[in-house]
Each structure stands twice: as structure tokens, then as C-alpha cells.
Amino acid sequence: MTALRLKTLSVIVIIFLAAVACNLPNRAATPTVDFERPQDFFGTPLPSKTPTPGPPTNTPTPYPTPTPRSWAQPYFGTPGPTQITPVPNPAPLIYDPEDFTVVLLGSDRRKAVFATDVILVINFQPKYNAISMLSIPRAMLVYIPGWQMNKVNLAFQHGEYGYYPGLGPALLKDTLEYNLGIEVDRYMLVDFSQFESVVDAIGGVDVPVACPYTDWRLISPELDPEDEDNWALYTVPSGVIHMDGDLTLWYARSRKKSSDADRNRRQQEVIRALYGQALRLEMVARIPALYSELSGLVTTDFTLIDGLTLAPQVANLSGANIRSYYIDSRVLTRWNDPAGRDLLVPDQTAIQALVAEAFGPPPEEQVVADVTVQIWNGTTTANLDVLAAERLNYAGYLSQIGTADETNVTRTLLYDFTANGSPEDAAALRALFNLDEDQFAAVPAEDANYDFLLILGTDFDPCFDPKEVDR
């Protein structure tokens, strides 16, 4: 296989890691252990989870009312497991028949007992040209239908081992629907080693790293990870960092010196980088020819029709169309259960509000602003303009990178070139880059090719927290 063909093949795989645009064959997951299925474990088969859309209406109600469904009760064997906390009521369903939602799962299935430690839900809203990404922490306490209250990352494994109807994918989807109200259309399970191979196959990925990150890393991939002498502290600096598969996987997974929440942030950082790289390689037209070559890389229920339908719709979306959300300490409380496990207990009201914001119709102010900001790097530090563009994308602004007329600028400056002035956007951009009043000027211009000009100085700190970015 030529390098170009391999690169294109791998991009098809990673494109949905970023934005529901890949196609993969339909392969059912199979249990990895063999034991007799418990009799009457699940009782009556679960009904279809697809809501019935209501009739067309001109009322402002955004979604049809879904048909209520029944849910499997906690395991009703004798005596059945003791629930460590009360089972919550099912979350209200967030549903629009035009949306398409995929859950991306990362796991190390080389182990006999595995868990899906990466759970990232991606929702495409075609009517708004918007993509939402929601990171779910692996230790979040949820009700796993038909079983018990437990960590969300065990739902897929239990579906496989317990022979849940539809196995792991079905139980994971049902767990997300019951606890978060998210109806998942498709799933994609990527083994960590496969992910590493995909990144290597495309020649690595350029990740805009806003904040430096330091953690323990295996000195060389072939060394024994059980020997503590084979580990050393490693720092990824701020900048546009070219990462091979091993470094990308480490950056997206490590958390010994950080947290699950920070790991989720880095995972979304990588996803955005992969999305941008895939689009630059213009993979959409090659989907049919590459379909049969992807079967060995990812386990999924995606079909070729899914890929052909979705890819053209997302191919022209920019990073500004992607909204990032995180289930974190703002809606979770850390708690040690009776067995001493460290769990994250959700505030049901707060988490439902977060999910409704992420997957419901975006408020007008969260739609991509029809405002373009050109960025000049007025310093000798490479790629500051790329990092500033990433921050603008998180905030929903379109950006261009231009060429500065000097590289000795000390203070970052913002100019408003709109003919009549844009005070609201100016205020938002000043807040986004922490600019004082004397770092801004309105310079109306009828013939400007962009609305704002941001000139970066040596005072610009590229590090920011995506959760604090106001859209």
C-alpha cells in the first residue's frame, strides 16, 4: 500500500474521532468470556429505543415528544446486588430526529478484563451546522440498566460478559440514555494500540498544545512498564507539537499528575487536531474505495451509507463549529463507596442542564459568530497565532492567520474594523484574551477583508481553560 493511500485510509478512521464523518463496516461485538447465560436475567426484551416523532408543528417546541420506554430493573436474581446508592429516575430524553449521535470509546481490549476508559459523545446538528463533544469521566456513578449502580466505564464490559441483548454496545447506549437522556445512534470502539497505529500511519498529528503538560512517561515503548526505573517525567511544551502515535496516546491518556477532567480536555484537544488534519487531506471523495479496508481497525455499527451521508455535511465545518463540553467537578461530587472505590456522583439537576445545553438547540449566542478575526503573530515565538486561532474556535469565532509587519510587539492589540463598530463582539474578544481597554481600538473601515485584527505581543499567554471560554 502506498504511503498516500495508507495516509488517506487512516484519515477516514480518525475523522469520526473528531466529527461523525467516517464509515466503517458493521461488526457485532462478541463476548470475551464463555459462561452460561443466567436464566431470566433481563426478563421481557427491551422495546425499541427509537422515539416516535410527533406530527409537524409550527409551535416553538424544538423536539417531538418521544414515546416513553420501559427499563430493565436492577438484577432481580436472588437476592441481587445491593445498590450502593438509590437508583435515579430516567433522565429526560434530549432528542431531535435530524441529529446524529455517536459515542467514541477507547479501551485496552488486550486485557481479559477491560473497561472503556475513554467515553466521548459526539452530536452532529445539521440544522445548526454544529457539532457538540461531551466528555464523560470513567468513574461517574450511573445506573447500568438490568444490573446495578456502578462506574459508567463498566457498562460495555458488563453487556459483553452478561449477554445483554445487543451486548456491550447496546448496554452502553442504554446506560447513556437512562442517565443522561442521550440517544446514541452509533458507537465506535477503538483499541488504544489501534489508535496508536492509526496516528503513526498518517505520519503523526500536529496538536496545538495551549498549556504545557508534565507527567510520567515510559522512557521507551518497548520497556517493561512494571519496572519503575523505566519511567521518567516528560513535558510537552506549549506550541504546535508534532506527535507520533506513542506520544499522542500518552498525551491523551496520562493522568498520574493531573486528573480525569484534565485528561478529557487533552483528549478533545487531540480530537480537534485530528479533525483539522483529516479535512486538510480531503478524504470525503475517497470513502467508497476505502470502505472494505477499514474492517480490522475499529469495532462499530457504522455503515457505508452513514459515512456517505454524513461526510459531505461535516466536511466544510471549521473548528469554530465544534462546541466542547465536559462532565466535571461542576456537576460531580467525589465520593468513596463502601468498597473504598473513588467514584464521581452526579448532581442530577445540574448534569441534565449541562446535557440539555450540549445537545439541545444552541442559544443564538452560541451559534458560530458571523465575525472573522485575523491574527498576526507580532513576536518571534512560532505558532502563537495558531494557538490564538484555537482559542477563537473554542469561542465560536472564525479566524484567519495573516503576516505581521513587525515581530517586536510587546503588548497584544485588538482592532475593530467593522464599519459601524461591534461593541458586543469587541467586549467578548477582549475578555477572551484578557485585554485592557488601552489594548483595543475601533478603526471603522468599509473595505476591510476581516472584522477584527488581533496582533499578538510577547505578553500573550496561550494557556487557557476551554471550560472557561464563553460561547
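At what angle do α4 and helix α5 pack, and how far apart are their axes? I looked this up first.

**Entry: basis.** I am working from a predicted model, where local features need pLDDT of at least 70, side-chain atom pairs count only at pLDDT 80 or more, and totals for chains, interfaces and linings use all residues. Residues are numbered from 1 along each chain as its sequence is written, and side-chain values use heavy atoms, with hydrogens and water left out.

**Entry: α4 and α5.** I find that α4 and helix α5 (residues 245-253) pack at about 130°, with axes 7 Å apart. Axes here are lines fitted to C-alpha atoms, for helices over the stretch in contact, and angles run from 0 to 180 degrees between N-to-C directions. That makes α4 oblique to α5; angles under 35 degrees count as roughly parallel, over 145 as roughly antiparallel, 65 to 115 as roughly perpendicular and the rest as oblique. I list Phe192, Phe195, Glu196, Val199 and Asp200 on the α4 side, meeting Gly245, Asp246, Thr248, Leu249 and Arg253 of α5. Contact means heavy atoms within 4.5 Å. The residues of this contact divide into 4 nonpolar, 2 polar and 4 charged. For these classes, Ala, Val, Leu, Ile, Met, Phe, Trp, Tyr, Cys and Pro count as nonpolar, Asp, Glu, Lys and Arg as charged, and the others, Gly among them, as polar.

Entry: I traced an open, mixed sheet of 6 strands in the order β11-β6-β1-β2-β3-β12. Helices (H or I, at least four residues) and strands (E, at least two) are DSSP runs, numbered from the N terminus, and two strands pair if DSSP finds at least two bridges between them. β11 (299-300) and β12 (322-326) are the edge strands, each with a single partner, so one side of each has no neighbour in the sheet. Strand β1 (residues 100-107) pairs antiparallel with strand β2 (residues 116-125) over 8 bridges, and Val102 stands opposite Ile122 in β2. Helix α4 (residues 192-201) packs on this sheet, touching β1, β2 and β6 (186-191), and its direction makes about 85° with that of β6.

**Entry: the other sheet.** I also traced an open, mixed sheet of 5 strands, ordered β16-β15-β19-β17-β18. Strand β17 (residues 413-416) and β18 pair in the parallel sense over 3 bridges, and the bridge partner of Tyr415 in β18 is Ala441. Helix α10 (residues 384-394) lies across β15 (372-377), β16 and β19 (452-456), running at about 155° to β15.
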